[in-house]
Structures are given as C-alpha cells and as structure tokens.
Amino acid sequence: MKQIKKITCIGAGYVGGPTMSVIAQKNPNVEVTVVDLNHARIAAWNDEDLDNLPVYEPGLDAVVGEARGRNLFFSTEVDRAIDEADMIFISVNTPTKTYGKGKGQAADLKFIELCARQIAAVAKNDKIVVEKSTLPVRTAEALKNILENTGNGVNFHILSNPEFLAEGTAVTDLHNPDRVLIGGEDAEAIEALVNVYAAWVPRERILTTNLWSSELSKLVANAFLAQRVSSINAISELCEVTGANVDEVARAIGQDSRIGGKFLKASVGFGGSCFQKDILNLVYIARTYNLHEVADYWEQVIIMNDHQKTRFAEKIIQTMYNTVNGKHIAFLGWAFKKDTNDTRESAAIYVADHLLDEEAQVVVYDPKVSAEQIYRDLDYLGTRSPEDNRRLVKVVDNAYEALDGAHAAAILTEWDEFKGYDWAKVKEGMKKPSFVFDGRKLLDRKELNRLGFAYYAIGE
Ligand code: NAD
Ligand code: UGA
C-alpha cells in the first residue's frame, strides 16, 4: 500500500478539528486539510490569535500552533481538498432526525450522504474514505452504494474509524487513546490508516475489526457510558430518601475491579451532543429489527436522565417554599461539562427551562459560554418567546455579580473555579436564607453549612 501523503477531513467541528490537528502534529510528512462549509468556523481555525479557535480544548492551541501552516490547513475549498487527497475522513454532524420517519430517534444522515455524493462527483483517482462521524451500523453499505453508483469509475475503500475522545480532554485522549478502532474489508486500506495512527499510538492499542463491529461498537460504547451515569443517578435518588450517600456508595462499588470506579459521578444529568443522540439511534435500530425488549432496555437510560434533570429543578422549587416566581437564581455553569464551551444538550438548559416556566429570574455565569449561545439554546427549545427568555434570563461575565442578591445558587457545571470562590463573601451578598443547590456535588457540605448556607447536593 502506498504511503498516505494527503489527508482531507470534511467537517471542522469538535471532532474533525482536534483529531486532524493531532494527526498532523504526529505525522509531519502528511499534509492534512480540514474543510468545512461554514466560513466563519474555518476563519476561526485560521485566526492568528490561538485564543479564538472555534473549539475550546485545553492544550489544543499548542497543537494547532505547532502544525498549522506546516502540514495542517483549514479551508472552505471542499472540492479541491477532495480531489487532492489519498484519504478522506468524513467528520460531519449526524444529529437526531427532526422530521419524517424516525423523527426524534434515528440519526439524520443527510450530511453524510451529501459528502458521499460530493466525493463521488469530484474524485478522479482511488480514495480511501473513512467514517469518522458516529453512524448507525451498516451505513458503510449505503456509502459504498452511493460512491460506486455515482462515481467516475474509480475505486473507493471504506473504513470505519469512530472517535472516542471526550470533550474537555480531547487533546490528552487523542495523544493517549485507550484504543483506536478501525473497521474495514480491504487489508491494504486498513494498513494505510493503521500507519497514520502508529506514528504515536502503540500497535497493540490499534484494534481492527469488520466494518459492522466497528460502527456498532461506537454506539455501544456511548450507551454503556451513559448507562453508568443513569445507573448512579437512579441510586442518587434512593440515597436521598434512605440517608445513604451516593459518593460513598460509588466508592464502595467502584473498588470492585469488575465494576471499576470511573464514570460513577452522580450529577444533574448527562448532556453533550452524543450520549442521547447515540442511544436514541441504538433504540431506533433495535426497533427496526423488531427487538423491542432491547430497545426498551436502552431507552430507559434516557428516561432516567430526563427524570434526573426534572427532579433537580423540582427540588429547587419545592425547597424554596414551592415558588420561585420572581426569585433570583444564580446559575453557575451552562456548558454540559467543565473545560468545554459546548452546551449541546446541557442539563442546564432543561433545568433553566423548568424554572423559567415558574417565572424565576435566572442569572447565568459560565466561564466559557457566551450570552448569545445561552439565549440561542433557550430560544431553540421554543418554550417561550425570545423576548420572554431575555426578560427572565440575564447573562453576566462574573460569578460574584451573578450571585449578588440571589435567593439561591445552582451549580450546573463542575468548573474547578467554583470551588475556589470566597463563599463567605458570596453569603454576605445573598438573600437569607441562602440556598445552594449543587448539581455536581462540587462544594464542601461541612464548609457551606458552617458558613450558614442551606446546602442541597444530589444523592445526599
Ligand atoms: P460539529 O457539528 O461540531 O461539526 C460538524 C461540522 O461539519 C460542522 O462544522 C458543519 O458545518 C460541517 N459540515 C456538515 N456538512 C458538511 C458538508 N457537506 N461539507 C463540509 N462540511 C460540512 O460535530 P462534531 O461534534 O464534530 O461531531 C461530528 C461527528 O462526530 C458526529 O457524528 C458525532 O456523533 C461524532 N462524535 C462527536 C464527539 C464529540 O465529542 N463532539 C465525539 C466522538 C464522536
Ligand atoms: C462522550 C464519551 O465519553 C466519549 O468517549 C465519546 O467519544 C463522546 O461522548 C462522543 O461520542 O461524543 P463527552 O460527551 O464529550 O464524551 O463527555 P463525557 O465525559 O462522556 O460526559 C458526558 C456527560 O456525562 C457530561 O454531561 C458529564 O458531566 C456527564 N457525566 C459523566 C456524569 O454526570 N457523571 C460521570 O460520572 C461522567
């Protein structure tokens, strides 16, 4: 197999951008071009000031700084990049369908299909096409069909290479992955992609499988991870009524090496662009094969997660004497987890929506999320008019300002900086009684009680 010299990636998002930056960093002899239809996004990837990259990930600025302009390029010239590449990654979004058959569950593959048709139309020599996006099992079959039927008679080899990075730790995950998964049929094409990763990943961590195992494993990995969060969150509610402490239970079970201690942190509910979308997709696939018990089993993970978000909002209302009308509630955090500016499916959005229905006055502070994004998230729900969202929600760029005069603080994201605040000073500025609702179990209960806060944390 010839050595790969030019890689193109279609989609410069949270996956395409960081993944290709690391591939370029570790393969200085391979030219990597990341293309996107979104001009603003590409401009931001090309911004001289590395603080302005469109994706915030610790350490990403250094990687981009090292490779950009050397062998890493960001461009909107999709056709040209397809034409020149030996290997093309497809890393576009695959959101849940919002219309038609499978609405609300199936993955929308329109962006994938558009990429396939564009590759087929442009390619004048053989290409390896790599599925980097998360896709329903057997998508490669459809891709192959489109490429072969609409192409110019050149050969396409399709590989599945799902991405397992988590946001907020993308760079360390990419530098040091637990495994790289490559599914395919053609041994030479597989070897070509193995070689790209072998530049920095030990061979024994590069797994090769058939196409369908690879595609399905990605959905299953996310389903198992999300299931752990829903499992511990289910137990958190039981802890609250029995006097057990969910952190202690998590530690006790996590010490069992068969269970393991990771991903057992009870929270206000998982968010992020993928867990819900991928489980819904798994549920949909199971149902299309008439596997209803399998579908019901996995659907319960989502039902539990929705319950946890609602339960947290209800707890706030109930504790504050069954009314939050006109009350100032400071939201600390809006991102779906710390160290990212991504808010997709963040629990904060749904908790806020619930409180706004009760006419609460929500003041949000998040160290990385802009006011525009917060209003966009709320407007997207369509629960109330944009004017009402702006009337009820204020966004500030300083936590102390958010907390000043507040009836309650709600912690929605586990940003480290929240732990270091001068909570004694915060208390002075807040209304009495001063409530703290900790959806991330971030703060020290003893200390907060000592300062006189009424402190509620999930699972205690
Ligand atoms: P994203 O929305 O951040 O980025 C996708 C990009 O693709 C967008 O910038 C969009 O403009 C571009 N695009 C769409 N169609 C295009 C086309 N025809 N030509 C050129 N550009 C096009 O999405 P993401 O978070 O990077 O996710 C991409 C895929 O990776 C999804 O399938 C997702 O499930 C999967 N994934 C995401 C993560 C994550 O942490 N976000 C992790 C693992 C896997
Ligand atoms: C997740 C997976 O961890 C990645 O392997 C996968 O590649 C990615 O989805 C994807 O396919 O998009 P991500 O969503 O970025 O990554 O972040 P996670 O760290 O998995 O957190 C997801 C959500 O679960 C967050 O809201 C987080 O706060 C919550 N969570 C996580 C908990 O509430 N408790 C935990 O113990 C762990």
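Helices (H or I, at least four residues) and strands (E, at least two) are DSSP runs, numbered from the N terminus. This is a predicted model: local features need pLDDT of at least 70, side-chain atom pairs count only at pLDDT 80 or more, and totals for chains, interfaces and linings use all residues. Residues are numbered from 1 along each chain as its sequence is written, chains are lettered from A and ligands numbered from 1 in the order in which they are written, and side-chain values use heavy atoms, with hydrogens and water left out.

**Stop one: the mixed sheet**

Start by selecting E3, E2, E1, E4, E5, E6, E7 and E8, in that order: they make an open sheet of 8 strands with mixed pairing. (Two strands pair if DSSP finds at least two bridges between them.) At the edges are E3 (72-75) and E8 (206-209), each pairing on one side only. From one strand to the next, the twist averages 25°; angles here run from 0 to 180 degrees between N-to-C directions, with axes as lines fitted to C-alpha atoms, for helices over the stretch in contact.

H1 (residues 16-26) touches E1 (6-10), E2 (31-35), E3 and E4 (87-90), and its direction makes about 170° with that of E2. Contact means heavy atoms within 4.5 Å. H9 (residues 211-242) lies across E5, E6, E7 and E8, and runs at about 140° to E7.

**Stop two: strand E6**

Zoom in on E6 (residues 156-160). Why call this strand largely enclosed by the rest of the structure? Because 4 of its 5 residues are buried, where buried means under 20% relative accessible area, exposed over 50%, and partly exposed in between (1.4 Å probe, protein chains only).

On one side, E5 (residues 127-131) pairs with E6 in the parallel sense over 5 bridges.

**Stop three: the parallel sheet**

Next, select E11, E10, E9, E12, E13 and E14: an open sheet of 6 strands in that order, with parallel pairing. E11 (393-395) and E14 (454-457) each have a single partner strand, so one side of each is left without a neighbour in the sheet. The twist averages 20° from one strand to the next.

Look at the E11 end. E10 (residues 361-365) and E11 pair over 3 bridges in the parallel sense, and Val-364 has Val-395 as its bridge partner in E11. H14 (residues 371-381) lies across E10 and E11, running at about 155° to E11.

**Stop four: a helix pair**

Bring up H11 (residues 275-288) and H12 (residues 292-319), which pack at an angle of about 155° with their axes 8 Å apart. That makes H11 roughly antiparallel to H12 (under 35 degrees counts as roughly parallel, over 145 as roughly antiparallel, 65 to 115 as roughly perpendicular and the rest as oblique). Residues to show at the contact include Ile-279 and Leu-282 of H11 and Trp-298 and Ile-302 of H12.

**Last stop: Ser-346**

Finish in the loop between E9 (328-332) and H13 (347-357), where you'll find Ser-346. Is Ser-346 buried or exposed? Buried, with a relative accessible area of 1%. Leaving aside neighbours within four places in sequence, Ser-346 is in contact with Gly-271, Gly-272, Trp-334, Ala-335 and Phe-336.
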